[in-house]
Amino acid sequence: MIIDPKTFERFNLILTGVVVPRPIAFVSTRSTDGVVNLAPYSFFNAVAYNPPTLVFSSSRKAPGWDDKRKDTLTNIEETGEFVVNVVVDPIAAAMNATAAEYPSDVSEFSIAGLTEAASELVKTPRVAESPVNMECRLVQVVDIGEQPHQHGLVIGEIVRMHVRDDVLYEGPNGWRVNHQALQPTGRLAGNAYCRTDDVYELIRPSYSQGERLPEERAPGAGRAAD
Ligand SMILES: Cc1cc2nc3c(=O)[nH]c(=O)nc-3n(C[C@H](O)[C@H](O)[C@H](O)COP(=O)(O)O)c2cc1C
């Protein structure tokens, strides 16, 4: 099948079905009135090391409401900060519990039974039950599309990262993340999620300008992945 995204009915289900598995940003924010908010966002990724930058994308309008905007985006635009908490299996159900379009004066921390932990550099609290929290300052929101489907692409700089000790180990070249301990949750489409139980390695090949091409080289030549 060849698909024209402009005319294909419910193209969004195809797009989110093929860009998988997606990591989930569990985003905590604080309104200017001090209400703490929490919601999952799987249009999410890390995009640069220096400055350490991540992005996620939120639709502006809350589905099921006439004129409500999503609290996460509103809070970030008003306060310039947020925290991304990594979603892991033990808190996946709690993450899901926060995803309904609750009124703005409701804190999803209490709905999901999660605990607020103070951040160091931002006023927004972290999720204590998440093993990784990234305190972020807003760099820019880029608007994508038009209403009613408009999304805001949030670009944030990580200014502090908290990582639970048991998910780190010291490798030969420095600290690494133990994914068996981390138990990250991946999002497939709709209500489907996945785990990272079936892990395998591929040694990345290297090539420098002027070198011989792979077929002329000794088998197995390569370098460890970054
Ligand atoms: C796993 C998961 C991932 C989601 N990813 C996104 C996303 O990337 N962008 C988005 O606009 N909504 C996403 N949603 C829906 C929001 O979480 C939902 O609209 C939420 O109520 C927004 O809350 P807020 O108004 O407190 O920000 C996702 C929901 C789930 C369960």
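This is a predicted model: local features need pLDDT of at least 70, side-chain atom pairs count only at pLDDT 80 or more; totals for chains, interfaces and linings use all residues.
1. Salt bridges, starting with Arg60. The structure has 7 salt bridges, and one of them pairs the side chains of arginine 60 and glutamate 77, with N to O at 2.8 Å. Arginine 60 sits in the loop that runs between strand 4 (52-59) and helix 2 (71-79), while glutamate 77 belongs to helix 2 itself, so this pair ties together parts that are 17 residues apart in sequence.

2. How covered are those two partners, buried or exposed? Arginine 60 counts as buried, because its relative accessibility is 6% and the cut-off for buried is under 20%.

3. Arginine 69 is partly exposed, at 41% relative accessibility. Follow the shared partners and you get one network made of Arg60, Arg69, Glu77 and Asp143. If you're checking this region by eye, I'd take those four together.

4. Lysine 68 and aspartate 71. These two form another salt bridge, with 3.1 Å between the closest N and O atoms. Both aspartate 71 and lysine 68 are buried. As a reminder of the background, side chains of opposite charge can pair when their charged atoms come close.

5. The ligand shell. There are 20 residues around the ligand, and the closest are Asn37, Tyr41, Lys70, Thr72 and Glu101. Which element gives the largest share of that shell? Strand 2 does, with 4 residues. Strand 2 (36-41), strand 4 and helix 2 each contribute at least two residues.

6. Polar atoms around the ligand. On the oxygen side, a polar side-chain atom of threonine 72 is 2.5 Å from a ligand oxygen. The side chain of asparagine 37 likewise places an N or O atom 2.7 Å from an oxygen atom of the ligand. For a ligand nitrogen, look at serine 42: a backbone N or O atom of that residue lies 2.9 Å away. As for cover, the ligand taken alone exposes 640 Å², and the protein buries 91% of that. The space the ligand takes up is the second largest pocket.

7. Two cis peptide bonds. Where do they fall? One runs from valine 20 to proline 21, with omega near -15°; proline 21 is in the loop between helix 1 (11-18) and strand 1 (25-30). Another joins glutamine 147 and proline 148, with omega about 10°. Proline 148 is likewise in a loop, this one between strand 8 (132-144) and strand 9 (151-163).

8. Positive phi without glycine. Arginine 10 has a phi of about 55° although it isn't a glycine. You'll find arginine 10 in the segment before helix 1, and that residue is exposed, with a relative accessible area of 54%. Glutamine 183, also not a glycine, has a positive phi of about 55° too. Its place is the loop between helix 5 (179-182) and strand 12 (186-187), and glutamine 183 counts as partly exposed at 34% relative accessibility.

Note on methods:
Residues are numbered from 1 along each chain as its sequence is written. Side-chain values use heavy atoms; hydrogens and water are left out. Buried means under 20% relative accessible area, exposed over 50%, partly exposed in between (1.4 Å probe, protein chains only). A residue is near a molecule or strand if one of its heavy atoms lies within 4 Å of it. A polar contact is a pair of N or O atoms within 3.5 Å; within protein, one must be able to donate a hydrogen and the other to accept it, and residues adjacent in sequence count only if both atoms are side-chain atoms. Accessible areas come from the Shrake-Rupley method with a 1.4 Å probe; for residues, only the protein chains shown count as cover. On a 1 Å grid over the protein atoms alone, a cavity is a set of points where a 1.4 Å probe fits but cannot get out, and a pocket is an open set with protein on both sides within 12 Å along at least five of seven lines; lining residues have an atom within 4 Å of a point. A molecule sits in a cavity or pocket if more than half of its atoms lie within 2 Å of its grid points.
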